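I am opening a notebook page on a structure that is new to me, and I want to write down what I look up in the order I look it up.

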Amino acid sequence: MALNSSNETLAALAAHAGSTFDNQRRLDRAKAVLPVRISGNDISGQSYSELVHTLDVSRNGVRLGSVHRQLEVGSVVVLHYRQHKAEFRVVWTKPLGSGTEQQVGLEADVQKDMWGTDANATNRPQATGTALARGASNGA
C-alpha cells in the first residue's frame, strides 16, 4: 500500500494500533453473568444500593446489565461481589428499550482480581443462572 504523506502514514499506524488495542480488550474480557451489588449516588444525588448482574468482566472493568438507576458518566460506584469490594468509575451508559433498564460500563481505578480470572486463582467465578440465583438469595 502506497501512502502519499507522513500524515497518512501516521493515520494508518494509529488505526492499526487502535484495532490492536480493541482486539486486546476483547481478549481480556470474559463473558460472565454474576450477581453483584452496586451502591453510590445516582444522577439526582440520591444514595442507592441495587442488585444487578455482570455481562462481561475483565481485570480493570465490567459491563453491567439490569441497572435501573440513572448513573452519571464519571461518577464513582462501589461494586460488591462475594467478599470483594472495589470502586469503579462509570465510563458509559446505554439505555435499553423504552424502560428504565440500562447497561453500564465501569472501569476500575485500581486493578484488582475480583472475578478470579488470574491464572493462579482457585476460586474462579461460575457464570451460570444458578450462580445468579444463589447470589441473589445470599444478598450478593
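Where is leucine 96 found? I looked this up and, keeping in mind that the model is predicted, I noted that leucine 96 lies in the loop between β6 (84-95) and β7 (102-108).

Next I turned to serine 75, which sits in the loop between β4 (61-67) and β5 (76-81). Is serine 75 buried or exposed? Serine 75 has a relative accessible area of 16%, so it counts as buried, the cut-off being under 20%. I noted that a polar atom of the serine 75 side chain is 2.6 Å from the backbone oxygen of glutamate 72, and that serine 75 touches Phe88, Arg89 and Val90 when residues up to four places away in sequence are not counted.

Last, I looked at the chain as a whole. The protein chain has two helices and seven strands, in the order α-β-β-β-β-β-β-β-α along the sequence. I recorded that 29% of its 140 residues count as buried, and that, among contacts between residues at least 6 apart in sequence, 51% join residues at least 24 apart.

Technical notes. Residues are numbered from 1 along each chain as its sequence is written. This is a predicted model: local features need pLDDT of at least 70, side-chain atom pairs count only at pLDDT 80 or more; totals for chains, interfaces and linings use all residues. Side-chain values use heavy atoms; hydrogens and water are left out. Helices (H or I, at least four residues) and strands (E, at least two) are DSSP runs, numbered from the N terminus. Buried means under 20% relative accessible area, exposed over 50%, partly exposed in between (1.4 Å probe, protein chains only). A polar contact is a pair of N or O atoms within 3.5 Å; within protein, one must be able to donate a hydrogen and the other to accept it, and residues adjacent in sequence count only if both atoms are side-chain atoms. Contact means heavy atoms within 4.5 Å.
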